[in-house]
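Hi,

Here is the structure I said I would pass on.

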Amino acid sequence: MSELADLKVPGPTEIELTKPFWKAAAEGRLLVQRCEDCTKAILYPREICPHCWSEKLTWEQASGLGRLKSFSRVHKPGHPGWMPVSPYVVGLVELDEGPTMLSHILPGECEPAVGDRLELKPTNIGGRVLPAFQRKDQGENV
Amino acid sequence: MTRSKAALIGAASLKPVRQTEGETTLGMLARVSARALADAGLEKDAIDGLLVGPQVGETPQHVPATVSEYLGLQPAMANVVDLGGASGPGMIWRAAAAISAGMCETVLCVLGNHRNAEAPRSPNRNPIREFDVPFGASGANISYALLMQAHMAKYGSTAEDFALIAHWARANAQRNPNAIFHGKPASVEDVLNSPIIASPLHLYEIVMPVAGAEAVIVTSAKRAKELGSRAVHLLGAGEKVTHRAVSQAPSLTSGPLKPSMERAFAQAGVTAQDMSLLSLYDCYTIMVAATIEDAGLCEPGGFGRFMRAHDFGPEGDMPLNTHGGQIGYGQPDLAGGMTHVVEAVHQLRGSAEGRQINNPRLALVTGNGATMSEAVALVLGADE
Ligand SMILES: [Zn+2]
């Protein structure tokens with residue numbers, strides 16, 4: 001884990017709109033946007049709802065629970081800064097709220113598998129706490 | 001040919017190379033354009049339309065003007081087509097549309113890139129950079145690995161199934177002296193023994209980046225006839241763009257090529273089963289697998305059986321990427337997508353030396369960009 005914190009890797013290119021998302025992430029919370037008109041959850045954050053183009057979007061704390069839609073164990077990273085921790089796993093996390101995000105998947109007791117239940121594990125990556133995920137091992141086998 | 005939307009009357013390539021020294025993209029575009037012009041039997045001043053790709057690191061803006069000036073062209077229609085690997089096929093129907101609209105008569109469609117040691121790229125400041133890169137996901141390999149893993153999980157497809165696609169690409173590359181892997185065939189075992197880059201993707205399932213350039217010249221069917229050109233005809237086209245980052249993909253196992261191919265087949269009044277050549281965009285083996293399934297050549301999830309049931313060589317029952325595909329030929333950046341058009345032109349007019357297919361009538365050409373997110377399909381037909 002400390003190795004992840006020590007990485008020299010590119011962090012988020014935060015913009016004005018996404019400041020609340022990254023501020024919450026640094027505090028260990030995961031935010032999504034909620035559309036007041038069509039009620040869908042949205043991630044990554046946008047200026048308008050991609051489903052109905054409403055501008056009435058509010059921040060909401062996500063449950064931090066999701067499902068692994070796919071994953072890859074990266075042996076040759078696209079950015080050389082990730083070499084010290086490779087191979088490592090990234091995955092597509094379908095949040096219980098609906099949207100899918102790409103995230104870092106922390107090692108668990110067993111190999112990752114599509115369909116795994118995941119939970120949020122805020123993790124220091126390259127000196128910033130980011131919303132990583134880990135297999136939720138209690139019960140709920142696939 | 002009354003069904004023709006446009007005629008492809010010239011095509012040319014620069015032999016792919018791993019590295020260039022002191023080349024410019026502009027210079028490479030000029031050389032390949034001159035070859036395509038000679039192939040078409042035209043004079044330079046016949047060109048009155050120009051379609052080019054983005055030229056990251058060399059000409060960030062005003063690309064058509066820069067290329068026109070360098071080539072001494074004064075086109076009446078000029079544009080950048082920015083659809084990643086779908087840019088080449090995307091140029092072909094745009095050229096046809098511009099010609100039909102009376103904007104111009106003959107269009108040069110050209111893509112290329114140098115690979116000098118220093119290759120400056122412009123910085124990204126967009127959602128994929130902000131929300132994917134910080135978690136360790138940079139570059140296309142990981143995106144396609146995620147698509148491949150999803151296919152395996154949903155359908156039970158195996159590493160061997162995917163390796164067969166790379167094996168056939170390498171096998172066909174042995175018939176193309178220009179291919180970067182000419183002289184380097186690969187068995188299924190070789191593919192499976194190559195290093196895992198991002199699981200489940202092996203090195204040999206991934207295109208090798210090369211320098212190169214590809215050009216096609218498009219005119220009207222009427223003009224092609226007047227010129228007495230060796231023409232190949234555009235019979236149908238389809239295009240669809242759905243997302244940019246893999247996390248935002250509507251589906252991980254079926255892509256925008258599905259509706260693109262449906263539209264192209266409908267326009268041409270043909271089906272996938274009628275094709276004499278499959279010239280399918282192959283940045284990764286998973287892309288070919290998904291395209292075979294999306295084309296309706298087999299049922300969803302059934303590409304592995306399909307790969308075992310056919311011979312994909314030039315003399316086979318199902319010629320596929322007879323130039324070696326990009327997996328065997330090399331990927332000259334955005335020009336990679338145009339290699340599939342250039343090969344289809346050669347096959348359909350009978351000029352595919354050393355690898356000519358029998359009775360060439362119809363070809364399916366696909367282009368794909370980003371993360372299975374930018375798609376163009378073309379149906380091309382021989383002059384009849
Ligand atoms: Zn909405």
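To start with one spot: in which strand of chain B is the place of B:Ala7? B:Ala7 sits in strand E1, residues 6-17 of chain B (helices, H or I with at least four residues, and strands, E with at least two, are DSSP runs numbered from the N terminus).

Before going further, the housekeeping. This is a predicted model, where local features need pLDDT of at least 70 and side-chain atom pairs count only at pLDDT 80 or more, while totals for chains, interfaces and linings use all residues. Residues are numbered from 1 along each chain as its sequence is written, chains are lettered from A and ligands numbered from 1 in the order in which they are written, and side-chain values use heavy atoms, with hydrogens and water left out.

Back to B:Ala7. At 0% relative accessibility this residue counts as buried (buried is under 20% relative accessible area, exposed over 50% and partly exposed in between, with a 1.4 Å probe and protein chains only). Not counting residues up to four places away in sequence, B:Ala7 touches a list of residues including B:Ile217, B:Val218, B:Thr219, B:Ala231 and B:His233 (contact means heavy atoms within 4.5 Å). The C-alpha atoms of B:Ala7 and B:Lys225 are 9.2 Å apart, although 218 residues separate them along the chain.

B:Ser33 belongs to helix H1 (residues 25-40) of chain B and is buried as well, with a relative accessible area of 6%. Leaving aside neighbours within four places in sequence, B:Ser33 is in contact with B:Leu71, B:Leu108, B:Val110 and B:Ala215.

Now the interface. Chain A puts 37 residues into the contact and chain B 27. Between them the two chains bury about 2,700 Å², 66% of it on carbon and sulfur atoms (buried area is the accessible area, 1.4 Å probe, that two parts lose on being put together, summed over both). On the chain B side, B:Glu130, B:Phe131 and B:Phe135 lose the most area to chain A, together 28% of what that side buries.

How many residue pairs are in polar contact between chain B and chain A? The count is 12, both residues at pLDDT 80 or more (a polar contact is a pair of N or O atoms within 3.5 Å; within protein, one must be able to donate a hydrogen and the other to accept it, and residues adjacent in sequence count only if both atoms are side-chain atoms). Helix H4 (127-131), helix H5 (140-155) and strand E5 (196-198) of chain B each supply at least two residues of the side that touches chain A. The largest share of that side, six residues, comes from H5(B).

B:Arg175 is partly exposed at 30% relative accessibility.

B:Glu384 and B:Arg361 also meet in a salt bridge (3.2 Å, N to O). B:Glu384 is exposed at 57% relative accessibility, and B:Arg361 is partly exposed at 41%. Elsewhere, salt bridges that share partners join B:Glu105, B:Lys222, B:Arg223 and B:Glu226 into one network.

Last, the aromatics. There are nine aromatic pairs over all chains (rings of Phe, Tyr and Trp, its six-membered ring, pair if their centres lie within 6.5 Å; planes under 30 degrees apart count as stacked, over 60 as edge-to-face and the rest as tilted). The rings of A:Phe21 and A:Trp22 are edge-to-face, because their planes are at 85°, with centres 4.8 Å apart. The rings of A:Tyr44 and B:Phe131 are stacked, with centres 5.9 Å apart and planes at 25°. This second pair joins two chains, because A:Tyr44 lies in the loop between strand E2 (41-42) and strand E3 (57-61) of chain A and B:Phe131 in helix H4 of chain B. A:Phe21, A:Trp22, A:Tyr44 and B:Phe131 form one aromatic cluster.

Cheers

Key. A salt bridge is a side-chain nitrogen of Lys or Arg within 4 Å of a carboxyl oxygen of Asp or Glu.
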